[in-house]
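Thanks for coming, everyone. Let me put the structure up, and then I'll walk you through the fold.

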Amino acid sequence: MKLQELYTLDEHEDGRDCLINDDDGNPTTLKIKVKGTDSSTYRLQLKKQKNAFMEAKQKGKEFDEDKHVIDALVECTVGWSGTEEKYSKKLCRELYTKAPYVKEQVDLFIARRENFTKAKRKK
């Protein structure tokens, strides 16, 4: 075995398409391309979130977890297809804010490493 066989950063950084269902669970034409949890983008967002949490705690302020989750998802979103609307971070943030079920689908997709890696052959 070579150590390179264990590397996942590049695949997570390249991103994968998350197929989006509507609020009733029916498939839509929307595909959102996102980076995974092993990407440097995601790890940087996680670090920012932890720092913001610690700062809020030290100052006795409220920590808006949902805002930070949306920030991370927006940064990890590469683009989309299956809609007439051109991707922008502003529109992406609006989608994740005004359609929480879409945000949840993307968040769950990103968290599953197998969505970003190729299946290993069994010997």
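**The hairpin and its sheet**

Start at the hairpin. Strands β1 and β2 form it, with five residues between them. Look at G25 in the turn: its phi is positive, about 90°. Keep in mind that this is a predicted model.

Now the pairing inside that hairpin. β1 covers residues 16–21, and β2 covers residues 27–34. The two run antiparallel, joined by five bridges. Two pairs to find on the screen. N21 has P27 in β2 as its bridge partner. R16 is partnered in β2 by V34.

Strands of a sheet pair through backbone hydrogen bonds, either parallel or antiparallel.

You get an open sheet of three, in the order β1-β2-β3, with antiparallel pairing. Why is one side of β1 and of β3 left without a neighbour in the sheet? Because both stand at the edges, each with a single partner strand. Neighbouring strands are turned by 30° against each other on average, ignoring direction.

**Helices on the sheet**

Two helices to look at here. Helix α3, residues 65–76, packs on the sheet and touches β2 and β3. Its direction makes about 70° with that of β3. Helix α5, residues 100–111, also packs on the sheet, but touches β1 and β2. Its direction makes about 145° with that of β1.

**The whole chain**

Step back. How many helices and strands are there in the protein? Five helices and three strands. From the N terminus, the order is α-β-β-α-α-β-α-α.

Next, the overall dimensions. Along the principal axes, the C-alpha atoms fill a box of roughly 55 × 40 × 25 Å. Of the 123 residues, 31% are buried.

Contacts next. Take those with a separation of 6 or more: 59% of them are between residues 24 or more positions apart.

Then the surface. The protein exposes about 9,000 Å², and carbon and sulfur atoms supply 50% of that.

Last, the charges. There are 26 positive and 23 negative ones. Their mean positions lie 7 Å apart.

That's the tour. I'm happy to go back to any view.

How values were computed
Residues are numbered from 1 along each chain as its sequence is written. This is a predicted model: local features need pLDDT of at least 70, side-chain atom pairs count only at pLDDT 80 or more; totals for chains, interfaces and linings use all residues. Side-chain values use heavy atoms; hydrogens and water are left out. Two strands pair if DSSP finds at least two bridges between them. Helices (H or I, at least four residues) and strands (E, at least two) are DSSP runs, numbered from the N terminus. Axes are lines fitted to C-alpha atoms, for helices over the stretch in contact, and angles run from 0 to 180 degrees between N-to-C directions. Contact means heavy atoms within 4.5 Å. Buried means under 20% relative accessible area, exposed over 50%, partly exposed in between (1.4 Å probe, protein chains only). Accessible areas come from the Shrake-Rupley method with a 1.4 Å probe; for residues, only the protein chains shown count as cover. Lys and Arg count as positive and Asp and Glu as negative; His and the chain ends are not counted. The place of a charge is taken as NZ of Lys, CZ of Arg, CG of Asp or CD of Glu.
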